[in-house]
Amino acid sequence: MSWGTELWDQFDNLDKHTQWGIDFLERYAKFVKERLEIEQTYAKQLRNLVKKYCPKRSKDEEPRFSSCVSFYSILNELNDYAGQREVVAEDMGHKVYGELLRYSQDLKAERKHHLQEGRKAQQYLDQCWKQMDNSKKKFERECKEAEKCQLGFEKLDNDINATKSEVEKAKSQLYLRTHMADESKNEYAAQLQNFNGEQWKHFNSAIPLIFKNLQDMDERRTVKLGETYRSFAEVERKVLPIISTCLEVMVSAAKAVDHRKDSVIVVESFKSGFEPPGDFPFEDFSQNIQRSGSDSTLGPPRSGGEQGGKGDPRPSLGKAKNKLWLFGKKPKAPSLEDFSHLPPEQRRKRLQHRIDELSRDLQKELDQRDALNKMKDVYEKNPQMGDPISLQPKISETMCTMERLRSEIHKNETWLSEVEGKNSSRGDRRPSTDPHPAPAGRESPEGSYTDDTTQELRGPPHPSPRQPDLPHADVHEFDDEFDDDDPLPVIGHCKALYSFDGQNEGTLVMLEDEVLYIIEEDKGDGWTRARRQGGEEGYVPTSYLEITMEKNSKGAVTYI
């Protein structure tokens, strides 16, 4: 049904209707805007909620219980769900709200144009009507004047007293008025014909066309609303598969909660490895009481062998008490490096974890050493690419680091063997376990040391290892240094400038140009404690060495 034919006289109402349509469209756009703001706020609140209940945690604090893992999985999926709500808000902003704003501006401009065209057509028709009405009024006025002149002429013509000149004048006036009336009549007829034609065009051509354009505009507005309604729903439907996946993962996480597995984790986490405490032995405090004759007949006398076989029960009591710390106050461990303050099972896990980390670090150093050696070979073959000597400090530093890591691994493996009940010692890693007492004079490390460079210019100094004083040294003084379960860390490396036979007890044999590891600095007596590649340790003359200490070692210095 066309507005042009049915509503030809409803211009003002159509003006109001089209304005209402644009206002309704803008109202819906405002609704979409508030809806997407709700989505944005909802998504933001969900993300804040996830952030609140899923704080940052270190690697050691990763959840292990299935209930915790499932909860964090649900939080992750909820975070993804919040992301989908943000997608909904973004799509609503671009595909619905933004499109409605642009279309509303276009509608306003188009409506304004059509209404202006309608008003121009109405103004032109009104102008034509005014011209026709003016010509009509003029024609009416001229006819009245002509009738008045005719009456005057007839009156003078019938008057016998009127002169001939008066009659002629009245006749001329009548003729003039009649002529003017005829001209007004013709003008009025022309204006009337023109107005009727313009009026027909106005109501049969111009206005129907304008109203048809307004109708098309309003129908397109209605269609656009329907499309945006559908887009509004499609935005939600688009994220439904991902949201459904999130919900399915949440359900799967809920199904993954295993109370038996959590119970096993609790046991593994807190299992101490101790045996339950045994029975307390009876302590007989009446052994030293002299019994009377009648009392001696109550039982056989205790023989010395029995008394010796029984022994003192206190050590076993003390041993039992040491196991009771699990039910009371835990004793403080003197050192935490070997995790001795932990129960055996927990200590084993911690030591194994540390060994794995040290092994990874050692592997990195091995790879770095291989890479440096390859680079050194390339430099040696192609000197223009670089100086191979410049890589030697880095290679030496890497070797020292590797030795330090091997010592740490060995130390931790020793502790681990103790926990696991294995009888491992340093003897299986070193060629000799005999004590190596240090040269005499080590008992006074505060002694002065003079770095005399003049001796270096004269050649090998051949210092005496103080052989006369070595027999008087206390052999047990250095037992703890060499037979300690923990190898001393490497604090530097050195290169032998001369060979040393190491015939005295506590000294170390070394060959010229041999690279050794420094494990103890010279304390002023002219001797440095070193370790060979095979693990042998001992003292060598400081003046025979070219020493390079590690940068992070205290008192790093180079002796030549």
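Helix axes are lines fitted to C-alpha atoms over the stretch in contact, and the angles between them run from 0 to 180 degrees between N-to-C directions. The legends below describe close-up views of a predicted model.

**View 1. Helices α3 and α4 of the predicted model, shown along their contact.** Helix α3, which covers residues 66-158, and helix α4, which covers residues 164-255, have axes that come within 6 Å and cross at roughly 170°. Since angles over 145 degrees count as roughly antiparallel, α3 is roughly antiparallel to α4. The residues that make up the contact of α3 with α4 comprise 45 nonpolar, 19 polar and 25 charged ones.

**View 2. The largest nonpolar core, a set of 36 residues.** Within this core, the residues with the most contacts are Tyr-28, Val-32, Met-92, Leu-100, Phe-211 and Leu-214. At least two residues of the core come from each of α2 (11-53), α3 and α4, and the greatest contribution is that of α3, with 14 residues. Leu-214, when its neighbours within four places in sequence are left aside, is in contact with Trp-3, Thr-18, His-114 and Leu-115. In soluble globular proteins, nonpolar side chains tend to be buried together.

View 3. Phe-500 is placed in the loop between β1 and β2, and because its relative accessibility is 7%, where buried means under 20%, Phe-500 counts as buried. The C-alpha atoms of Phe-500 and Leu-511 are separated by 6.4 Å, although these two residues are 11 residues apart along the chain.

**View 4. Asp-513, a residue with positive phi in the loop between β1 and β2.** The loop that holds Asp-513 runs between β1 (492-496) and β2 (515-520). Asp-513 is not a glycine, yet its phi is positive, at about 70°. Most residues other than glycine have a negative phi. With a relative accessibility of 48%, Asp-513 counts as partly exposed.

**View 5. Glu-142, a buried residue of helix α3.** Glu-142 has its place in helix α3 and a relative accessible area of 8%, so that Glu-142 is buried. When residues up to four places away in sequence are not counted, Glu-142 touches Arg-177, Met-180, Ala-181 and Ser-184.

**View 6. Arg-221, a buried residue of helix α4.** Arg-221 is found in helix α4, where its relative accessible area of 5% means that Arg-221 is buried. Apart from neighbours within four places in sequence, the residues in contact with Arg-221 are Trp-20, Gly-21, Ile-22, Phe-24, Leu-25, Tyr-103 and Leu-107.

**View 7. Gln-392 in helix α10, shown together with Asn-373.** Helix α10 spans residues 392-420, and Gln-392 lies in this helix. Gln-392 counts as partly exposed, its relative accessibility being 33%. Between the C-alpha atoms of Gln-392 and Asn-373 the separation is 9.2 Å, while the two residues are 19 residues apart along the chain.

View 8. Among contacts between residues at least 6 apart in sequence, 74% join residues that are at least 24 apart. The chain exposes about 36,200 Å², of which carbon and sulfur atoms supply 52%.

Definitions and conventions:
Residues numbered from 1 in each chain as written. Predicted model: local features only at pLDDT ≥ 70, side-chain atom pairs only at ≥ 80, totals over all residues. Heavy atoms only, no water. Helix = DSSP H or I, 4+ residues; strand = E, 2+ residues; numbered from the N terminus. Parallel < 35°, antiparallel > 145°, perpendicular 65-115°, else oblique. Nonpolar A, V, L, I, M, F, W, Y, C, P; charged D, E, K, R; others polar. Core = buried A, V, L, I, M, F, W, Y, C linked by side-chain atoms within 4.5 Å. Buried < 20%, exposed > 50% of the residue type's maximum accessible area, 1.4 Å probe, protein only. Contact = heavy atoms within 4.5 Å. Areas by Shrake-Rupley, 256 points an atom, 1.4 Å probe, with all protein chains shown as cover.
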